[in-house]
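Subject: Structure for you to look at, with notes

Dear colleague,

I am passing on the structure that we spoke about, together with my notes on it. Please open it first and read the notes beside it.

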Amino acid sequence: TLLTDVWGSSDGVGWTLLSSGQIPAVQGFACVSLGGTLALLGGLSSVGQTQDSTYTSLDGGVTWTQTSSGPWKGRYLHSSAVFQGKAWILGGRAQPIVSVGLNASLL
């Protein structure tokens, strides 16, 4: 089961549930913080579709809005960084891994 909850902590010890059900049920996405905005980038859906979507939060993860689909190809297991005031997306997989004998629900 892919989860859609967002948790926050100021110290890494105490955690608070900030939102649930506002981000897509994806795995292998990246998340960056840029200029006070959190951005969730790409991912792989529960039915194996790679995503090129961007969801942003301006209030620290409480409210999320799909702001765009990227000009980049849908991907998951990629990396993202912030450098010189810009968000960067690097590499990743464009298609799900399919293996004989592997339970598809684990992908």
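Which residues make the nonpolar surface patch of about 360 Å²? The patch is made by Trp7, Trp15 and Leu17, where a patch is built from residues with over 30% relative accessible area and no salt bridge, like charges being joined within 9 Å and nonpolar side chains (Val, Leu, Ile, Met, Phe, Trp, Tyr) within 5 Å. A salt bridge here is a side-chain nitrogen of Lys or Arg within 4 Å of a carboxyl oxygen of Asp or Glu, and accessible areas come from the Shrake-Rupley method with a 1.4 Å probe, with only the protein chains shown counting as cover for residues.

Before going on, please note that this is a predicted model, in which local features need pLDDT of at least 70 and side-chain atom pairs count only at pLDDT 80 or more, while totals for chains, interfaces and linings use all residues. Residues are numbered from 1 along each chain as its sequence is written, and side-chain values use heavy atoms, with hydrogens and water left out.

The overall picture

The chain has nine strands and zero helices, with helices (H or I, at least four residues) and strands (E, at least two) taken as DSSP runs and numbered from the N terminus. Of the 107 residues in the chain, 27% are buried, a word that stands for under 20% relative accessible area, whereas exposed stands for over 50% and partly exposed for the range in between (1.4 Å probe, protein chains only). The accessible surface of the chain comes to about 6700 Å², and 56% of this belongs to carbon and sulfur atoms. Among the contacts (heavy atoms within 4.5 Å) with a separation of 6 or more, 31% are between residues 24 or more positions apart.

In E1, Val6 and Gly8 form the covered face, and Asp5 and Trp7 the uncovered one. E1 runs antiparallel to strand E2 (residues 16–20), to which four bridges join it; two strands are said to pair if DSSP finds at least two bridges between them. Glycine 8 stands opposite threonine 16 in E2.

Valine 6, on the covered face of E1, belongs to the largest nonpolar core, whose six residues are Val6, Ile23, Val26, Leu40, Tyr55 and Trp64. Such a core is a set of buried Ala, Val, Leu, Ile, Met, Phe, Trp, Tyr and Cys residues joined through side-chain atoms within 4.5 Å. If residues up to four places away in sequence are not counted, valine 6 touches Thr16, Leu17, Leu18, Ser19, Ile23, Gly61 and Trp64.

Alanine 39 lies in strand E5 (residues 37–45) and counts as buried because its relative accessibility is 12%. Its contacts, leaving aside neighbours within four places in sequence, are Ala30, Cys31, Val32, Thr54, Tyr55 and Thr56. The C-alpha atoms of alanine 39 and tryptophan 64 are separated by 9.0 Å, although the two residues are 25 residues apart along the chain.

Serine 53 is found in strand E6 (residues 50–57) and, at 5% relative accessibility, is also buried. Not counting residues up to four places away in sequence, serine 53 touches Leu40, Leu41, Gly42, Gln66, Ser68, Ser69 and Trp72.

Glycine 28, in the loop between strand E3 (26–27) and strand E4 (30–34), is partly exposed at 23% relative accessibility. With residues up to four places away in sequence not counted, glycine 28 touches Gly43, Tyr76, Leu77 and His78. Leucine 77 is itself in a loop, between strand E7 (65–69) and strand E8 (79–83), and has a phi near 55°, a positive value in a residue other than glycine.

E8 and strand E9 (86–90) form a hairpin with two residues between them, and pair in the antiparallel sense over five bridges. Alanine 81 has tryptophan 88 in E9 as its bridge partner. In the turn, glutamine 84 has a positive phi of about 50°, and counts as exposed because its relative accessibility is 66%.

With best wishes
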